Amino acid sequence: MTSLQLDARHPLATKEGWSLFVGQANPEPPQLLSDNDLEKIDDLERDLYNEARQDYHSSLLLVATPDIRKIIHTGQKLIVNNRGKQLGRRGLLISGASGTGKSTSITQLGKRFQLDFERRNPGIPDRIPVVYILIPPDADPKSLAAELAVFLGLPVGRFDGPQTLAHAVAAVMRRAGTRLVLVDEIHRLDLSTKRGKVASDQLKYFFDTVSATFVYSGLDLEETNLFSGVRGRQIAGRFIPVSTAAFSYNTIAAKNDWMKLVATMEQSLRLHRHKVGALLDWASYLHARTGGMIGSLDQLVYTKRPTMPSATAPRRSPKLTWKR
């Protein structure tokens, strides 16, 4: 009997999942078979070959956009400036539309920081330099502390009070030398509600008691209640805002940035019937199709792998067909 080894997946917002993410190298591009070799393999081998190429395309990540580079650069400077400070630390606040690279940017910032930390401090056990959590829907102080506890591997009892849990979480982060705390989906905190206000206070408690750089990321934060009232003004005063946006296409510089991104994607493709340069030829079409959203571009090209309309087809063609 053939044994099947299951791939145990851990969420990114756990210590195990984060460690796997940090240790994950860039995917190696699979070698393309020649037409003759492709004809010689059987159906099963062909399926495995195609699945390997699909997995490779699905695991590719866009990290070279101007917004993402700016966020990583600003975050790295903040981490250095905050080093050793208990008072006067600043955080980073990322806001933008869906699909503009917010989560990609903060996780890449965290990955780069942890890899550099481990390189500079080899062989130190029980260190947790980076913590990554998602704000739960309708968050309250206990659920917020519980998210951090889950990442750290701390047990959460049914009858644990929010402050007891918060004290335990803060103590572990201090002991583990946490230097960067990434808080995603921050738009879920509604400071116009009592529940949101006390959850915000809980998050501020961690900011004040753990000597780390805090990075918040959320969806169109200017349109939420995150900055309302005294608490909101305090967040605005403590955090440096950086916005992400879709690529524009109305200036020469913007067009060049978009074409560089498309060219980078094209160089990574491993397709048999793809004509080199075809993707770049249709850069304008791809921008119109995706609205300049890198998330949409990533899904369209890497996940669906389309072939551009033929040169004789109208550019308004609404469909893209796939060729492998």
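Predicted model: local features only at pLDDT ≥ 70, side-chain atom pairs only at ≥ 80, totals over all residues.
Residues are numbered from 1 along each chain as its sequence is written, and side-chain values use heavy atoms, leaving out hydrogens and water.

**The core**
- The largest nonpolar core has 72 residues; such a core is a set of buried Ala, Val, Leu, Ile, Met, Phe, Trp, Tyr and Cys residues joined through side-chain atoms within 4.5 Å.
- Buried means under 20% relative accessible area, with exposed over 50% and partly exposed in between (1.4 Å probe, protein chains only).
- M173, I186 and F206 have the most contacts inside this core.

**A lysine tucked away**
- K102 is buried but has no salt bridge (a side-chain nitrogen of Lys or Arg within 4 Å of a carboxyl oxygen of Asp or Glu).
- The nearest side chain of opposite charge to K102 is D220, 6.7 Å away; Lys and Arg count as positive, Asp and Glu as negative, and His and the chain ends aren't counted.

**Aromatic rings**
- There are nine aromatic pairs, meaning rings of Phe, Tyr and Trp (its six-membered ring) with centres within 6.5 Å; planes under 30 degrees apart are stacked, over 60 edge-to-face and the rest tilted.
- W18 and F21 have ring centres 5.2 Å apart and planes at 50°, so they're tilted.
- W18 counts as buried because its relative accessibility is 1%.
- One aromatic cluster is formed by F207, F214, Y216 and F239.
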